[in-house]
Amino acid sequence: MSEPRACPECLRRARLLAHLAPYIEKVATGTPGSRSPELLRLDNEDLAAAVAPKVADQVLAQAAVVPERRLVADLAASRCWATCRHDDLYPEGLGDADDAPWALFGRGEPRWLPGLRPDGVVTVVGARRATSYGREVARDLARGLATAGLVVVSGLAFGIDGCAHRGAIDAGLTVAVLGCGVDVSYPASHRALWRRIGEEGLVLSELPPGTGAWRWSFPARNRIMAALAGMTVVVEAARRSGSLITADLAADLGRDLGAVPGPVNSRASGGSNDLLAGGACVVRDAQDVLDAMLGPGVRQAERLGPAIEPRAARVLAAVEAGSDTADAIAAGLDLSGAEAAASLAVLEALGYLRCSLVGVYSRTMLKPPCV
Amino acid sequence: MLATAQTFTLDGISARPVRVEVDVHKGLPAFSVVGLPDAAVREARERVRAAIANCGFKFPLHRIVANLAPASLRKAGPGLDLAIAAALLTASEQLDLDSLPSLAMVGELALDGSLRPVPGVLAIAEAARERAVEAILVPEENGPEAALVEGLDVLCLPSLRRLADLAAGEWVPEPPEPMGLPLTANGGPDLADLRGQRHLRHALEVAAAGGHSLLMVGPPGAGKSLAASRLPSILPPLATEEALEVARIASACDRLADREPGGRPFRAPHHTVSPAGLVGGGNPPRAGEATLAHRGVLFLDELCEFRRDTLEALRAPLETGWVSIARAGSRRRLPCRFMLVAAANPCPCGRGESDPDCSCAPLAVRRYQARLSGALADRIDLLAAVQQPSAEEMGGPSGEPSTAVRSRVAAARERQEHRLGIGRCNAEMTPAELRECHLDDAAAALLADSYSRRRLSGRAHDRVLRLAQTVTDLAGSEVIGHEQMAQALQLRNREDS
C-alpha cells in the first residue's frame, strides 16, 4: 500500500493557516455571522485579504517561498504524516465538501485511511458539559458501533467526545479530529486517551503539527468530522452547544443526522431534542444507527449478553423500572440486603449494569437473551 | 528543712513520675517553683498559700523553693498542688507523713483547702502501681477511677485539713467503690430504630463483623447519622483490658463523665476540625478525636467538607493504628484503632443526580464526586448508597434489634480471632494472610473476571477478598463461595468510575 503523501502546495496552505490563525481568530470570533468554515472555503489570496488585509501580501509572499525540502523535513521531524486532496489516501468523504481541508495531518496507522468512507464512518458528538446519562449512552453507543465494524469519529473534547472515544477504542477503530496540531493534546487532561488513539486509531487535523488550539479551529474541525461520516449522532447537547454546529454542517452536506433522546425537562438535552423535533433520526442504540445508514436490518449490531439466573433477572427488571440503589431494589423485590447485593454484583460483572461512584446503578445497552 | 513528696504529671495519655522537693530556710520570705512548670503549675503558689492558711496551718514566712524533679520534664496542670502543699507542710514541720506507707498524691487545691478532681487519675494510679507505691491520695471525685487499679490503696481526701488527721491516724477514709467499666454493649441507641434500608443494614453488619471502614452516600435525612450512631451497639462488647484502655484515654482527656452508654466510644468531629484536632497535636501534644475514638467508631459526617490536609493526616494512623506526634522535646505514640465511618451527599445539592429536583450542574456533580473519591477513598472498604425509607417502611414494624445483629457479628469475629489471632479482624489481614483464604472455583472465577476487565485495581482486589472473607465468616462457612464473592464485589467502595 502506498504511503500518504501531501503535495507542497497543500502543505503551504496548512502553514498559511497556522500563520493566519491569530488573524482568523479576530475575524471569526469578533464579528457575528462570519464563521470559520466559511472563511476556510476561500483560496489563499482571498483568505489572507479577508482576515489580514494589511499584511496579506507579506504573509502570502512568505508562504510561497518555503522550499519543498523544508516542508518534508518539518513533517518528518514532527513524526506525523500528511495527506492532501490530491492524494489517493485522502478520505473519500471529505471530497464532497467544498470547504474541505487541503492537507490533513495525522498520527497513527495510515493504513486505516482507506477505511474512512462515509458508509463506514459515524461521528458521535455532544456537549462537553454532559450529564452522567449522556456519558453512559455515548460510551455504550460508541462501543456498539465499533463492535458492528463502524469507525467512530469524535473530537477528543471533554464530556461526550471523550466517552465516545473510550467506548469505541476497546471494541474497534476510533478517529479523533483535533482543532490543534495532531502532536498537541487538547484538552491536556485527555493526554492518555490522545496517546492511546494515536497508537490504536487515528488522530487527524488540518493544522500543521505544533499549532495550538484556537477558538475558530473547533467549528473548523467540526466540518471535517461532519464530512468524514455518513451519519452524525448528537448524544446530548444543550441549545447552544458547539456540537450542534457539527449537526448543521452534516445536514448541509446531505449526510444522515441522528440524535439521542434525552429527558424533556433537562436543559442538557435541549439541543439534541430540538434536532429530533426537526426530523433527525431517533438513536436509541447502535442498531438505530446501522438501520439509518445501511437500511433497516442490513447489519445486526445487537449482541446478546450471557444468560442470567431468575433472581438476577428480577433485579435487572427492577433497575429497568427505575430502582437505582441496592436499598430500593431489596425493598421492592423483598430480597435481603445480601441477596440484592449479590445479584447486583453478578449483573455488573456480566456487563448489564454499571455502578456510579456513589453506588447508583444504571442499565447498559447490553440485552439479556430471552428466557 | 527539706521534704519531698511523690506525684505524677500527665504526658499525653500516660503519667510520668515527678518528685516534689521543698526546701524551707531562713531568708527574705519568698516562694518559688522551679523545674519546667507550666503556667498552671506556677500559679500553684497562690493556691497552696491560700489553702494552707485557710486550713488552720501556718504559711512559713521563710524562703521557700519547690523543685519539681526531673527538671528536664515539662510539668503541666494543677494536679501537683497537693504534693507541693504536703511537702511544704512537712518541710515546715507542721505535718509528718512517716507513719503512712509509701505514698503518691495528686489533686488540685481550692483556696479553702478542699480538693478538686484532675484528669488522668487512672493513668496516674497505674503508673504509681508500677513504681511500687503502696497508696495514692486522690480527690474524692477521682476515687472510683483510681480504684480500678488493683494492688494499690486508694485514699480519698476531701480537703487538705484532713491530711493532718490522716497522718496522725485519727481518720481513715472509706475505700472507694471501683467505677463500672462498660463491658456490655447495651444501653446505647438501638439498631431497631433503622426501618427498612436492608442494604444499609447489611453493609453495617458486614462492616461491624470485619472491622471494615464504611462510606454512606445518600441525601440528607436518609438516616446516615442515625445508622452510624447505632454502629457501636452491634459491635461486640469490649474486653476488660480494652475497656481499661478506653477509660484511660477518656480519663486523660477529661472526658470520663461524658462517655457513650453503649460501651464503645463514638466520636463525630465537626467537619471544621483541624488536623491537630483530629489526630492529635499541639505542644505539649494532646490526643485528638482519632485517639478518643480508640476501640470505637470515628464518624466523619459530610466527608467532602473536611479540609483535605485534615483527611490526609488520618491516612497513616488508619494504616498503623497509632498516631505518632514528634515535638522538639519528645515523641509521643497514641493508640487509635477505630472503625472509620463516613457520610456524604451524592451531589452538592444533596438530592442525587437521579432525583428530578437535583439542581446541580453536571460538571459540579463530577467535581464533587471526584473530591469524594480523592478523600480517603482508598482507605474505605465499603460503600452503602443510602436512600430515604419508603412510607410503608417508615410506618412498618421496627427493624431487627441490635442484640440479634450483635450475636451474629460476635460469632463472625470469633471465627476471625480463631484464624488470625486474638483481637484481630479481617480488615487488618496482611497480603500473606489473604493468600490463605479459601475460594471455591466459581468465586475465584468471578474475582479474576472482574480483575482482568480492569474493573478492579490491585488494591481493590485485596479489599474485595477481605470483604468476601468477612461475608463468609458471617455466613458461618469455611470456603468463600460465588454468592459471598458477589456480595463483596457489590459492597466494595468505588475508587474510580
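Biologist: Which strands does strand 10 of chain B join through bridges, and in which sense do they run?

Modeller: Strands of a sheet pair through backbone hydrogen bonds, either parallel or antiparallel. In this predicted model, strand 10 (residues 214-217) of chain B is joined to strand 15 (residues 339-344) of chain B by 4 bridges, and the two run parallel. Another 4 bridges join strand 10 of chain B to strand 16 (residues 382-385) of chain B, again parallel. Val217(B) has Ala344(B) of strand 15 as its bridge partner. Met216(B) stands opposite Ala384(B) in strand 16 of chain B.

Biologist: Are the side chains of strand 10 of chain B buried or exposed?

Modeller: Buried, on both sides. Leu214(B) and Met216(B) point one way, Leu215(B) and Val217(B) point the other way, and all are buried.

Biologist: In what order do the strands of this sheet stand?

Modeller: The order is 11-12-15-10-16 in chain B. These 5 strands form an open sheet with parallel pairing. Strand 11 (266-267) and strand 16 of chain B are at the edges. Each has a single partner strand, so one side of each has no neighbour in the sheet. Further in, strand 12 (residues 297-300) of chain B pairs with strand 15 of chain B over 4 parallel bridges. There, Val297(B) has Met339(B) as its bridge partner.

Biologist: Which strands does helix 7 of chain B touch?

Modeller: Helix 7 of chain B packs on the sheet and touches strand 10, strand 15 and strand 16 of chain B. Its direction makes about 160 degrees with that of strand 16 of chain B.

Biologist: How do I read a packing between two helices?

Modeller: Two packed helices are described by the angle between their axes and the distance between the axes. Take helix 15 (residues 337-350) of chain A and helix 7 of chain B. Their axes come within 8 Å and cross at roughly 95 degrees. The two helices are therefore roughly perpendicular to each other. Helix 15 of chain A contributes Gly337(A), Ala338(A), Ala340(A) and Ala341(A) to the contact. Helix 7 of chain B contributes Arg198(B), His199(B), Arg201(B) and His202(B). These contact residues divide into 3 nonpolar, 3 polar and 2 charged.

Biologist: How many residues does each chain give to the whole contact?

Modeller: Chain B gives 37 residues and chain A gives 29 residues. On the chain B side, the elements that give two or more residues are helix 7 (198-210), helix 14 (362-374), strand 16, helix 18 (441-452) and helix 20 (482-491). Helix 20 of chain B gives the most, with 6 residues. That side of chain B divides into 16 nonpolar, 14 polar and 7 charged residues.

Biologist: What does an antiparallel pair look like here?

Modeller: Go to chain A. Strand 1 (residues 81-84) and strand 2 (residues 103-108) of chain A run antiparallel, joined by 4 bridges. Thr83(A) has Leu104(A) of strand 2 as its bridge partner. Both faces of strand 1 of chain A are covered. Trp81(A) and Thr83(A) are buried on one side, Ala82(A) and Cys84(A) on the other.

Biologist: How far apart are Arg63(B) and Leu28(B) in sequence and in space?

Modeller: They are 35 residues apart in sequence and 5.7 Å apart in space, C-alpha to C-alpha. Arg63(B) lies in strand 4 (residues 63-69) of chain B. Beyond its sequence neighbours within four places, its contacts are His25(B), Lys26(B), Gly27(B), Leu28(B), Pro29(B) and Ala30(B).

Technical notes:
Residues numbered from 1 in each chain as written. Chains lettered and ligands numbered in written order. Predicted model: local features only at pLDDT ≥ 70, side-chain atom pairs only at ≥ 80, totals over all residues. Buried ≥ 20, exposed ≤ 12 C-beta atoms within 10 Å, placed from the backbone. Pairing = 2+ DSSP bridges. Contact = placed C-beta atoms within 7 Å. Nonpolar A, V, L, I, M, F, W, Y, C, P; charged D, E, K, R; others polar. Axes fitted to C-alpha atoms, helices over the stretch in contact; angles between N-to-C directions. Parallel < 35°, antiparallel > 145°, perpendicular 65-115°, else oblique.
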